[in-house]
Amino acid sequence: MNVLYMPNFNDKFLVTLEKEFKVDYPKTNSTTYKSLVNYASDLNLPIQRWYRYKEGYSIKLVDKILTKYNVKDGDLIVDPFCGSGSTLLQAKINKCNSIGFEINPFSAFLAKVKTQDYKKQDMISFYENVSELHNIKKKQNIDIPKLSTIEQLFKKDALFYLLTIKEEIKQIKNKRVADLIMLAWLGILEESSNYRKAGNGLKIRKTIKKTIRDKEYVKKIFFNALKKIGEDLEFAINISNQVSTSVIEDTCFNLNKYTKKNSVKGVIFSPPYANCFDYTEIYKVELWMGSFVKEYSDLKILRKRGIRSHLNGYEIESKIAVKSVPELGTLVTELSQKELWDKRIPKMVEAYFNDMFHSLTEIYQALKKKGFCVIIVSNSAYGGIVVPTDLLLAKFAKHLGFNVSSINVARNIITSSQQYEETKKYGKYLRESIIYLEKK
Ligand SMILES: C[S@@+](CC[C@H](N)C(=O)[O-])C[C@H]1O[C@@H](n2cnc3c(N)ncnc32)[C@H](O)[C@@H]1O
């Protein structure tokens with residue numbers, strides 16, 4: 001029952017925390033940051049347009065940050081949650097070395113293909129291989145992924161066409177060309193299927209007839225995707241062989257195993273948010289179809305490796321490891337007194353901050369003196385209680401020794417209508433922000 005609940009966190013701690021930091025609200029609705037925290041604005045940019053990573057941000061935001069901090073050629077930039085590689089790509093364009101960490105093998109693949117070096121010869125080989133793909137022959141033994149819903153996801157002829165192409169890609173000798181074609185193939189899976197990514201999962205398409213997504217449709221969108229990649233190869237070749245870019249398929253908790261302490265000029269990232277969003281669920285079609293997972297046990301392992309931002313598949317320990325941010329203790333206690341839609345939420349929130357504080361500690365050690373760390377993150381709310389991720393991360397960063405120079409609100413976030421009613425009074429805290437930190 002909620003009757004005994006006396007709001008304390010929102011009214012007391014939230015307001016005090018907000019006062020402690022410089023929070024800049026956008027002056028108008030058409031503010032620049034709003035589009036920069038959104039991947040959609042990159043859909044016309046070379047290489048970025050190869051795959052629409054919905055949770056990604058614009059490379060223009062990365063450019064703005066690199067310029068603000070006067071980053072020089074050869075400086076080292078790190079993205080501990082690199083996703084599709086937006087930070088790494090812009091770092092490469094600006095002639096900076098970079099290292100990205102990513103636990104989802106599908107996302108790591110995207111980041112790698114978008115940022116590896118290409119040669120003129122690859123472009124010739126790319127067009128030769130693409131032309132051969134126009135006339136592929138039917139195959140007898142095709143492996144069908146073990147994902148239980150696979151046959152509902154695709155029309156039968158579309159599925160067989162996709163899997164036949166995948167077999168052809170495996171035969172391509174030039175590894176970089178095979179990667180490029182595989183990326184185009186992965187990039188059309190959602191559009192080829194009867195489902196679409198929505199919220200934290202897949203939803204059946206209601207508006208478009210299933211029959212449209214047949215083999216001919218798939219073929220058309222596949223060759224369109226290859227055309228875009230072909231058009232951008234010149235650009236990819238031009239930015240090649242100037243710097244070193246690595247994508248490490250490991251948790252960012254191991255950041256200091258791969259970088260020297262005090263060696264990194266800047267860290268730019270957007271972590272998963274404390275919003276119950278499970279990346280292995282939303283990208284499950286790509287993970288299974290691309291053979292990044294082959295068994296359900298592989299998926300289970302993956303889920304355990306990520307930041308604990310969702311409720312799927314891991315144990316959540318309950319101890320509060322964060323003595324440095326007492327507000328977090330209050331928040332978790334209050335959340336546990338509420339009747340939420342899942343009783344594991346308070347523990348998940350606590351585990352999330354444990355993981356985020358762990359990552360920030362690794363980042364702090366890797367950064368040079370006067371190095372910078374910019375975090376793009378969204379707040380959330382459960383049962384009317386705001387989870388002010390931006391302020392709590394800023395508070396922990398300050399505790400570590402960072403100077404918190406500002407928190408820029410990029411946009412307000414849309415919550416469910418129930419959450420909206422419950423948090424109306426605190427609406428300004430429901431936002432996506434950019435936190436600017438500097439190591440003193
Ligand atoms: C918001 S996305 C990053 C998007 C990226 N900025 C872009 O533009 O493509 C967060 C990423 O963090 C990854 N991730 C989650 N836990 C991780 C961990 N412990 N170490 C490294 N990456 C992790 C997720 O798989 C996801 O791809």
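**A tour of cysteines and aromatic rings**

The model is a predicted one. Cys373 itself is buried, because its relative accessibility is 0%.

A disulfide needs two cysteine sulfur atoms within 2.5 Å, and by this rule the count is zero. Now select Cys276, which is in no disulfide; its nearest cysteine sulfur, in Cys252, is 19 Å away. Cys276 is buried too, with a relative accessible area of 8%.

Next, the aromatic rings. The structure holds 17 aromatic pairs. Select Phe353 and Phe357: the ring centres are 5.8 Å apart and the planes are at 55 degrees, so this pair is tilted. Both residues lie in helix α17 (residues 345-366), four residues apart, about one turn of the helix. Phe353 is buried at 0% relative accessibility, and Phe357 is buried at 3%.

Phe357 is in helix α17 and Phe396 in helix α18 (residues 389-400), so the pair ties together parts that are 39 residues apart in sequence. Phe396 is buried, at 8% relative accessibility.

Then select Tyr51, Tyr53, Phe106, Phe109, Tyr283 and Phe292, which form one aromatic cluster.

The last stops pair a lysine with a ring. Lys68 lies over the face of Tyr436, 4.9 Å from the ring centre. Lys439 lies over the face of Tyr364, at 4.6 Å from the ring centre.

Definitions and conventions
Residues numbered from 1 in each chain as written. Predicted model: local features only at pLDDT ≥ 70, side-chain atom pairs only at ≥ 80, totals over all residues. Heavy atoms only, no water. Buried < 20%, exposed > 50% of the residue type's maximum accessible area, 1.4 Å probe, protein only. Phe/Tyr/Trp six-rings, centres within 6.5 Å; stacked < 30°, edge-to-face > 60°. Helix = DSSP H or I, 4+ residues; strand = E, 2+ residues; numbered from the N terminus. Lys NZ or Arg CZ within 6 Å of the ring centre and 35° of its normal.
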